[in-house]
Amino acid sequence: MNVNEAMNLLKEQGYKHTGKREDMLQMFSDHDKYLTARDVLEQMKENYPGLSFDTIYRNLSVFVELGILEMTELSGEKHFRFTCSHKEHHHHFICLDCGKTKEIETCPMRNIESSFKGYDISGHKFEIYGRCPDCIQ
């Protein structure tokens, strides 16, 4: 997903086109990694001095609900990034230092599905955490 697709989706769903929303989405596009609501507020407060944490969080929640952003929880804090453009099922390695991700093409559910015969599984999430080669150096 890119900023234009995201803004079009917001419009289709009845949300107004605002500079704040577009700037938030552009930030995610520019960084291509997981960001916290605090990261977003820090980067936007210069251009929007009255911007509140609640406004940031509400917009992030809308973006997740509409599938524009993905969310994960690291160290008790929610982190957000643009939804991957891949349509194939995959998972992520997430660097705990810089927030960058690497896609994992293998899915562990393939190996354990037989253990859940008779269960109605509605979804799953698999993430690996650590430090990327750039952060180890």
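Guide: Happy to! A salt bridge here is a side-chain nitrogen of Lys or Arg within 4 Å of a carboxyl oxygen of Asp or Glu. Please keep in mind that this is a predicted model.

Let's begin with Lys45 and Glu42, whose side chains form a salt bridge at 3.2 Å, N to O. Lys45 has a relative accessible area of 40%, so it is partly exposed. Glu42 is partly exposed too, with a value of 45%.

Next come Arg131 and Asp97, which meet in a salt bridge at 2.8 Å, N to O. Arg131 sits in the loop between strand E6 (127–130) and helix H6 (133–136), while Asp97 sits in the loop between strand E4 (91–95) and strand E5 (101–104), so this pair ties together parts that are 34 residues apart in sequence. As for accessibility, Arg131 is partly exposed at 43%, and Asp97 is partly exposed at 48%.

Finally, look at Glu127 and Lys125, where the salt bridge has an N to O distance of 3.8 Å. Glu127 has a relative accessible area of 16%, which means that it counts as buried, since the cut-off for buried is under 20%. Lys125, by contrast, is exposed, with a relative accessible area of 52%; the cut-off for exposed is over 50%.

Note on methods: Residues numbered from 1 in each chain as written. Predicted model: local features only at pLDDT ≥ 70, side-chain atom pairs only at ≥ 80, totals over all residues. Heavy atoms only, no water. Buried < 20%, exposed > 50% of the residue type's maximum accessible area, 1.4 Å probe, protein only. Helix = DSSP H or I, 4+ residues; strand = E, 2+ residues; numbered from the N terminus.
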